[in-house]
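Here is a short report for a first look at a structure. Please keep the sequence and the 3D view open while reading.

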Protein chains: 4
Amino acid sequence: MSPTLPTAGSTFPFVPPDPAYAERVRASFARQGAMKTLGAELIAVEPGYCAIALLPRPEVSQQHGYVHAGVVGAIVDSAGGYAGFTLFPANASVLTVEFKLNLLAPASGDRLVAEGFVVKPGRTLAITRGEVHAEHHGRRKLVAIMQQTLMVMHGKAEE
Amino acid sequence: MSPTLPTAGSTFPFVPPDPAYAERVRASFARQGAMKTLGAELIAVEPGYCAIALLPRPEVSQQHGYVHAGVVGAIVDSAGGYAGFTLFPANASVLTVEFKLNLLAPASGDRLVAEGFVVKPGRTLAITRGEVHAEHHGRRKLVAIMQQTLMVMHGKAEE
Amino acid sequence: MSPTLPTAGSTFPFVPPDPAYAERVRASFARQGAMKTLGAELIAVEPGYCAIALLPRPEVSQQHGYVHAGVVGAIVDSAGGYAGFTLFPANASVLTVEFKLNLLAPASGDRLVAEGFVVKPGRTLAITRGEVHAEHHGRRKLVAIMQQTLMVMHGKAEE
Amino acid sequence: MSPTLPTAGSTFPFVPPDPAYAERVRASFARQGAMKTLGAELIAVEPGYCAIALLPRPEVSQQHGYVHAGVVGAIVDSAGGYAGFTLFPANASVLTVEFKLNLLAPASGDRLVAEGFVVKPGRTLAITRGEVHAEHHGRRKLVAIMQQTLMVMHGKAEE
């Protein structure tokens with residue numbers, strides 16, 4: 001009942017059915033033209049977890065100079081999607097059914113890091129949550145949170 | 001970057017501006033006719049945190065006998081709302097702007113516990129997240145997660 | 001491009017695969033103990049559409065006397081779920097994967113009417129949206145909107 | 001009670017408090033570096049309404065070649081935000097509090113059009129909904145729907 005317990009998505013030891021999960025995520029990420037266009041970089045892949053970094057700059061900004069909410073959404077959608085994808089079988093691909101993003105603070109600083117965590121893997125659907133942190137002068141500030149539903153597309157491996 | 005870190009809403013030490021926050025939450029909860037009708041009980045109030053319990057039974061069920069998704073939503077909406085309310089000034093009341101609920105597993109068992117955690121307090125808005133756990137034979141299973149936006153209604157204290 | 005066009009979910013002529021869709025919805029609704037406890041009534045079932053009414057009263061209220069946001073969510077979750085269910089095959093049941101509710105105005109008046117509209121039917125998932133209107137002195141006011149994802153549970157007909 | 005009525009956000013005649021609302025939207029959109037990077041174009045601004053177009057191409061794709069869900073989210077977030085902004089006073093700016101996106105079909109075709117509609121304007125918050133349509137060979141297909149909460153930042157006009 002304590003408010004200081006670690007939360008959903010952080011306490012389950014996940015075992016990926018495909019040992020090559022990390023390679024599969026990296027290859028798929030490399031095919032996302034949108035991530036390249038935004039300048040996003042895949043920085044961590046673990047079972048049920050993925051992190052993507054983005055450097056704030058005018059090319060990804062909204063009208064006040066902060067990173068655009070939609071761009072924040074794009075990197076955390078990818079982070080959640082690939083967190084889920086790490087636990088999919090080798091012959092399946094991933095599709096975002098829906099996501100919901102709350103913006104907590106202006107997204108700026110030296111670097112943004114979007115993290116996706118699997119909350120519940122499943123045969124047909126997977127549920128993830130996400131966090132976006134702004135790093136600035138060595139400090140980390142939470143700027144957005146997300147909830148997401150993914151679909152497991154069996155028999156549709158990415159080529 | 002580790003996926004096992006405690007998450008947003010669980011690591012911030014909150015200091016309620018109103019020392020009588022718990023009494024204020026309890027008095028407000030007692031005015032929620034809907035919680036009484038559903039048989040929900042307030043079981044914990046801490047700064048930035050609130051927990052509400054519900055006994056699964058036919059009166060709160062959906063068509064398969066599990067607790068209705070809308071009822072799961074109702075108790076975690078209240079838990080999130082009162083988590084936020086603990087950090088409001090004494091002369092303010094709380095309003096739900098929106099919430100989003102993902103159902104992860106059938107809600108059944110000996111008892112449901114809905115927990116609300118403040119992720120970001122604020123002068124006008126507060127952002128919370130929620131979890132609903134089903135307790136059964138001494139074990140706890142996560143059955144739903146929520147994200148919520150609250151509005152701080154200044155100068156509108158509940159009488 | 002006009003903002004006054006009818007929107008998604010209102011323009012598609014749906015043909016239910018099961019001609020007995022309305023009876024199936026009514027029988028299922030009658031099994032939802034939660035709807036009975038809240039005093040909700042099924043008032044319309046059409047292909048891809050469902051409406052549920054609720055009389056505002058202290059038993060479904062929040063702390064200010066308005067209908068509880070969670071109760072508003074419960075009736076519109078059911079309305080969306082049964083809107084989707086009208087388009088399911090006879091041997092399938094329905095499950096809410098997730099829903100998101102925005103509250104627009106206090107829910108009060110003579111009667112609340114929650115409406116669910118199918119936006120996209122599908123073999124595995126169905127997407128709906130919902131509206132909750134408060135009727136007062138013959139006028140109708142929009143008090144909440146919803147987006148929802150449903151799962152089609154094939155081979156799991158309700159008994 | 002008919003499912004074929006025009007829906008929320010499409011039936012209210014809005015009167016912008018600032019007659020120069022369209023110029024204000026166009027100037028703000030031009031400051032969104034992210035929209036330029038994605039190749040998005042503002043194609044319509046009306047009171048309570050905004051439309052943004054995007055040409056599907058590899059630079060905005062996900063791993064299967066469709067437009068990335070996050071990019072779909074980015075253009076409809078902007079469309080909703082500027083729909084709301086048309087109804088803000090001249091000295092206010094706009095901030096996305098949260099949005100929720102359901103993806104209905106692969107986003108591809110000749111052109112994507114994201115539309116934002118104000119559902120409820122307000123002094124502090126505004127609620128919008130959005131649709132994204134894929135145009136292909138002169139036909140239009142709904143590929144995503146959105147709900148969004150905006151904040152009115154008074155006294156913070158964009159320069």
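Asp18(A) counts as buried, at 11% relative accessibility. Buried means under 20% relative accessible area, exposed means over 50%, and partly exposed lies in between (1.4 Å probe, protein chains only). Arg24(A) is buried too, with a relative accessible area of 14%. Arg24(A) and Asp18(A) form a salt bridge, and their closest N and O atoms are 2.7 Å apart. A salt bridge here is a side-chain nitrogen of Lys or Arg within 4 Å of a carboxyl oxygen of Asp or Glu.

This is a predicted model: local features need pLDDT of at least 70, side-chain atom pairs count only at pLDDT 80 or more, and totals for chains, interfaces and linings use all residues. Residues are numbered from 1 along each chain as its sequence is written, chains are lettered from A and ligands numbered from 1 in the order in which they are written, and side-chain values use heavy atoms, with hydrogens and water left out.

## Other salt bridges

Over all chains, a search of the whole structure finds 32 salt bridges. One of them links Arg31(B) with Glu158(B), the closest N and O atoms being 2.5 Å apart. Arg31(B) sits in the loop between helix 1 (21-30) and helix 2 (33-38) of chain B, and Glu158(B) in the segment after strand 6 (139-153) of chain B, so the pair ties together parts that are 127 residues apart in sequence. Helices (H or I, at least four residues) and strands (E, at least two) are DSSP runs, numbered from the N terminus. Arg31(B) is partly exposed, at 30% relative accessible area. Glu158(B) counts as buried, at 16% relative accessibility.

In chain C, Arg57(C) forms a salt bridge with Glu59(C), and the closest N and O atoms are 3.9 Å apart. Arg57(C) is partly exposed at 27%. Glu59(C) is partly exposed at 40%. Salt bridges that share partners also join Glu98(A), Lys100(B), Glu98(C) and Lys100(D) into one network.

Arg129(A) lies in strand 5 (residues 125-136) of chain A. Arg129(A) is buried, with a relative accessible area of 9%. Its side chain makes a polar contact with the side chain of Glu131(A) (3.1 Å). A polar contact is a pair of N or O atoms within 3.5 Å; within protein, one must be able to donate a hydrogen and the other to accept it, and residues adjacent in sequence count only if both atoms are side-chain atoms.

## An enclosed strand in chain C

Six of the six residues of strand 2 (residues 49-54) of chain C are buried, so the strand is largely enclosed by the rest of the structure. Tyr49(C), Ala51(C) and Ala53(C) point one way. Cys50(C), Ile52(C) and Leu54(C) point the other way.

Which strands pair with strand 2 of chain C? Strand 1 (residues 41-46) of chain C runs antiparallel to strand 2, joined by five bridges. Strand 4 (residues 111-120) of chain C is also antiparallel to strand 2, joined by six bridges. Two strands pair if DSSP finds at least two bridges between them. Val45(C) stands opposite Cys50(C), and Ile52(C) stands opposite Ala114(C) in strand 4. The hairpin of strands 1 and 2 has two residues between the strands, and Gly48(C) takes a positive phi near 80° there.

## A two-sided helix in chain D

In helix 1 (residues 21-31) of chain D, the buried residues include Tyr21(D), Val25(D) and Phe29(D). Seen down the helix axis, the buried residues fall within an arc of 160°, so they line one face. The arc is that of the directions from the helix axis to the C-beta atoms. The face turned away carries the exposed residues Glu23(D) and Ala30(D).
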